[in-house]
Amino acid sequence: MSGPTIFMAGERWRCFLAPSRSSLFRVLHNSCCREKSTTPKKITPNVTFCDENAKEPENALDKLFSSEQQASILHVLNTASTKELEAFRLLRGRRSINIVKHRENSGPFQNLESLMNVPLFKYKSTVQVCNSILCPKTGREKRKLPENRFLRRILKPDIERERLKAVNSIISIVFGTRRIAWAHLDRKLTVLDWQQSDRWSLMKGTSYSSSVYLEEISSIISKMPKADFYVLEKTGLSIQNSSLFPILLHFHIMEAMLYALLNKTFAQDGQHQVLSMNRNAVGKHFELMIRDSRTSGKELVKQFLFDSVLKANPRVFFPSDKIVRYRHMFLSTELQRVEELYDSLLQAVAFYELAVFDSEP
C-alpha cells in the first residue's frame, strides 16, 4: 500500500410459487411472536463472535434458533424473490442477488449453515440476517436512532431515510487542484460510467476568476447523466493552516458552484439532489486510514477491476462492454496516481454500503 498522503481533494432450482410479501411477513410475525422459550438464546459477545473470519462449531447456527424459527427463515430464503428479499434489513443489493443465484445453481437451502456458502455471508452476518428475517420491524426500530446519528456524521445535508433507501443510481464526484473525476453507479454496484477531466486551469497563479470556474464546471456537468443523488467529497483540511488557504478557497468555490449548478440542473420537486460525504468516513470504511491520514485507494480499485473479470459475484461490477476502457483508463494513471479517479469510485461504493444497504457502521 502506498504511504500516507494528505490529498485534496451480486438450473436445478425447482419452481416454487413465490408467496406474496404479505404472506411472508405473516409467517415471520407468527414465528417472531412465539413464546419466550422458542426465541434464540442470547449470545454473549466474545472475541470469536466478533471475528468475522473465525471458524464456528459445526451446526452452531442451528443451536441458536428453534426448529420453527429455522423453518420460517428457510421458507423466506427458498421462496422469496430478489425484490422480496430486499424488504429485509441487510439483504439489499448484492446479498439478495447472491441468494437467488445460489438457489438457482445449488437448489433450496437445506439448513441455516448453508447460507454461509453464499458470497458476502459469514457467521456473524448470517446470524444478523436470520434475526432480521425473523423480526424485521423490531430490528429496524432498534437501529433507527444510532443509524440516523451515524448518517448525520458522514452525509450533509440531512436526508430522509426513505429517499436513501429508494436510490437507484448516484454520481460520486471528487475534485482536486488539477482534475475532477466522477463515477456513476446503480444500486447493484454496477459502474455505468467513470470519467475524469484534468484539462482545466482553475488554479493558475493567484487568480480565482468566477467566469472561468463557471465555464469549466458547467462543461463538466453537461456530460453527467441524471441520477438520484450527486455526492461530493468533503475534505477535512484545517482552515488554521494558512499555507493551505489557496487550496481551501479553491475547494470552497468548487463545492459551492457544484451545489448550485447541479441542484439547478437536476432538481426534483425542490428537494436536495447534492450531498457531501465525509472523506475520512470513506477511508475508514475501506481501512485506508493511518491515524488522521488517508492512504491511496489505488490498489483497492485495481482489485475491483480484476475481481469483476475473475469472480462470479464481485463487490463492484464493471460491464463487459466497458471493462477494457476502464482498465485502460486506470493503467494510464499508474505513473501519476490520479487519486480523484480512484476516490470517486470508492466514495460511490461506500455511499451504497453505508447509507443505502444498512451496513454496519
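Is Glu353 buried or exposed, and what is its relative accessible area? Glu353 is buried, at 11%; buried here means under 20% relative accessible area, exposed means over 50%, and partly exposed is in between, using a 1.4 Å probe and protein chains only.

A quick word on the model. It is predicted, so local features need pLDDT of at least 70 and side-chain atom pairs count only at pLDDT 80 or more, while totals for chains, interfaces and linings use all residues. Residues are numbered from 1 along each chain as its sequence is written, and side-chain values use heavy atoms, with hydrogens and water left out.

Back to Glu353, which sits in helix H15. Helices are DSSP runs (H or I) of at least four residues and strands (E) are runs of at least two, numbered from the N terminus. H15 spans residues 339-356, and 18 of its 18 residues are buried. End to end, from the first C-alpha to the last, H15 reaches 24 Å, close to the expected 26 Å (1.5 Å times one less than the number of residues).

A nonpolar core is a set of buried Ala, Val, Leu, Ile, Met, Phe, Trp, Tyr and Cys residues joined through side-chain atoms within 4.5 Å. This one has 45 residues, and Leu345, Trp194 and Phe318 are among those with the most contacts inside it. Leu345 touches residues including Leu185, Trp194 and Phe304 (contact means heavy atoms within 4.5 Å). Apart from this core lies another, of 26 residues, with Ile73 and Phe109 among them.

Now the charges. The structure holds 8 salt bridges, each a side-chain nitrogen of Lys or Arg within 4 Å of a carboxyl oxygen of Asp or Glu. Here are some of them:

| Pair | Closest N to O |
|---|---|
| Arg179 and Glu340 | 3.4 Å |
| Asp307 and Lys311 | 4.0 Å |

Arg315 lies in the loop between helix H13 and helix H14, so its pairing with Glu353 ties together parts that are 38 residues apart in sequence. Arg315 is partly exposed, at 33% relative accessibility. Arg179 is in the loop between strand E2 and strand E3, so its bridge to Glu340 in H15 links parts 161 residues apart in sequence. Both Arg179 and Glu340 are buried.

Arg103, in helix H6, is buried yet has no salt bridge. The nearest side chain of opposite charge, Glu104, is 6.5 Å away (Lys and Arg count as positive, Asp and Glu as negative; His and the chain ends are not counted). The Arg103 side chain does reach the backbone oxygen of Leu77, at 2.6 Å.

Note on methods. A polar contact is a pair of N or O atoms within 3.5 Å; within protein, one must be able to donate a hydrogen and the other to accept it, and residues adjacent in sequence count only if both atoms are side-chain atoms. Lists of a residue's contacts leave out its neighbours within four places in sequence.
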